[in-house]
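Biologist: Can you walk me through this one? I have some questions about how it is put together.

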Amino acid sequence: MEGHFMKVCLRACSLLRCSNLNIVAVSAVGQRAAASQHESVVRLSRMLSSDHRKRVIASNNVPGRQNRQNGFLESVLPNQKHLRLKQTQNRIRETQDKIKKTQQRFKESKQRILNDIKDTKTMMKERMEDIIERENIYTIPNVLCVTRIVFSPYLGYLIIQSDFNLALGLLVVAGVTDALDGWIARTWKSQSSKLGSFLDPMADKVLIATLFLSLTYVDLIPIALTSLIVVRDVALVAAGSYIRYKSLPAPHTFRRYFDATHATAQLAPTNISKFNTMVQLALVAFTLGAPVFQYVDHAALHGLWYLTAGTTVASALSYAFSKGTYKFLKVKRPSRSSKPS
């Protein structure tokens, strides 16, 4: 029993020794690890301190750093300036190209508008040729009417100069041409024209107004009668101008208004107006013959004065209230091609 107890004690002592040896070994290993760690920390700290010193020295070396920066800028900035200059030049070229293209488009638009205007004018002209009736105005009756209008001022000049013999002869010629142009127009249809329906009464009005004014100037016709006749003739001329304007299809232009070949209306004088014209011509003819045949201020002339005044007023009223004194010519419709079935 004692032997067994001694064995147990010896084993416990051996175990205790082993544990002490292990503790010593572990402590030695820990000391060596701590020493190596300390050496590593010291070595790292030395390295960091050397790098820090180098950085401080480099940062303190300002001139050298500036020189390096200046060299870098000198090598980079010219390239940037050149690049910017090229970009600006490219933008300028693009802008110039856009301007040229815009100008070209404007020119094309202008030419297109001009062509459209020309085409529209041509179409309007062709259309007006179809709508408005054109006629031959160079006829013998029209030439006779224009001749009376042209010689009317000269006839008045002769009366003012008291050359009654020549004035009476020219008046007879004017009366013959008045009767002749009407006969020619009625006999030959080719010599009749719509313009003649305006020219014939216009020539009569110009001739009669000139004679009355000149005879009133030499105290052979009273001024009241002359004023009545002139007012009535002016009113008729204004009415004829208005009829011409209303009968002219659009567009209303001066050129088309005074184009005598465009027949748009026709006048038809009343019977009382024709009789009044005959009475007025008879009055001026007898009045012109009075100084030549020595019957100035005769009672028959006074009677003609009143007759002329009455027929003048009656003719003015007939134009104002009678129907059919004028008519608009019918517009010719342009022929349309038949549509295919």
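**Working chat**

Modeller: The chain has 9 helices and 4 strands, taken as DSSP runs numbered from the N terminus, with H or I of at least four residues for helices and E of at least two for strands. This is a predicted model, where local features need pLDDT of at least 70 and side-chain atom pairs count only at pLDDT 80 or more, while totals for chains, interfaces and linings use all residues. Residues are numbered from 1 along each chain as its sequence is written, and side-chain values use heavy atoms, with hydrogens and water left out.

Biologist: In what order do the elements of the chain run?

Modeller: From the N terminus on, they run α-α-β-α-α-α-α-α-β-β-α-α-β.

Biologist: What share of the residues counts as buried?

Modeller: Of the 341 residues of the chain, 25%. Buried means under 20% relative accessible area, exposed over 50%, and partly exposed in between, with a 1.4 Å probe and protein chains only.

Biologist: And of the contacts between residues at least 6 apart in sequence, what percentage join residues at least 24 apart?

Modeller: 77% of them. Contact means heavy atoms within 4.5 Å.

Biologist: Helices next. At what angle do H5 and H6 pack?

Modeller: About 155°, with the axes of H5 (residues 194–217) and H6 (residues 223–247) 10 Å apart. That makes H5 roughly antiparallel to H6. Angles under 35 degrees count as roughly parallel, over 145 as roughly antiparallel, 65 to 115 as roughly perpendicular and the rest as oblique. The axes are lines fitted to C-alpha atoms, for helices over the stretch in contact, and angles run from 0 to 180 degrees between N-to-C directions.

Biologist: Which residues of H5 and H6 meet?

Modeller: On the H5 side they include Phe198, Met202, Ile208 and Phe212, and on the H6 side Ile229, Val230, Leu236 and Val237 are among them. The residues of this contact of H5 with H6 divide into 12 nonpolar, 3 polar and 3 charged. Ala, Val, Leu, Ile, Met, Phe, Trp, Tyr, Cys and Pro count as nonpolar, Asp, Glu, Lys and Arg as charged, and the others, Gly among them, as polar.

Biologist: How do H6 and H9 cross?

Modeller: At roughly 20°, and the axes of H6 and H9 (residues 299–321) come within 10 Å. H6 and H9 are therefore roughly parallel to each other. Among the residues that meet are Leu225 and Arg232 in H6, and Trp305 and Tyr319 in H9. By class, the contact of H6 with H9 has 9 nonpolar, 3 polar and 1 charged residues.

Biologist: Change of topic. How many aromatic pairs does the structure hold?

Modeller: It holds 1. The rings of tryptophan 183 and tryptophan 188 have centres 5.5 Å apart and planes at 85°, so the pair is edge-to-face. Rings of Phe, Tyr and Trp (its six-membered ring) pair if their centres lie within 6.5 Å; planes under 30 degrees apart count as stacked, over 60 as edge-to-face and the rest as tilted.

Biologist: How accessible are tryptophan 183 and tryptophan 188?

Modeller: Tryptophan 183 is partly exposed at 46% relative accessible area, and tryptophan 188 is partly exposed at 43%.

Biologist: Now the loops. Where is aspartate 219 found?

Modeller: Aspartate 219 is in the loop between H5 and H6. Its phi is positive, about 65°, although it is not a glycine. Most residues other than glycine have a negative phi. Aspartate 219 counts as exposed, at 68% relative accessibility.

Biologist: What about phi of aspartate 297?

Modeller: That one is near 65°, a positive value in a residue other than glycine. Aspartate 297 is in the loop between helix H8 (271–293) and H9.
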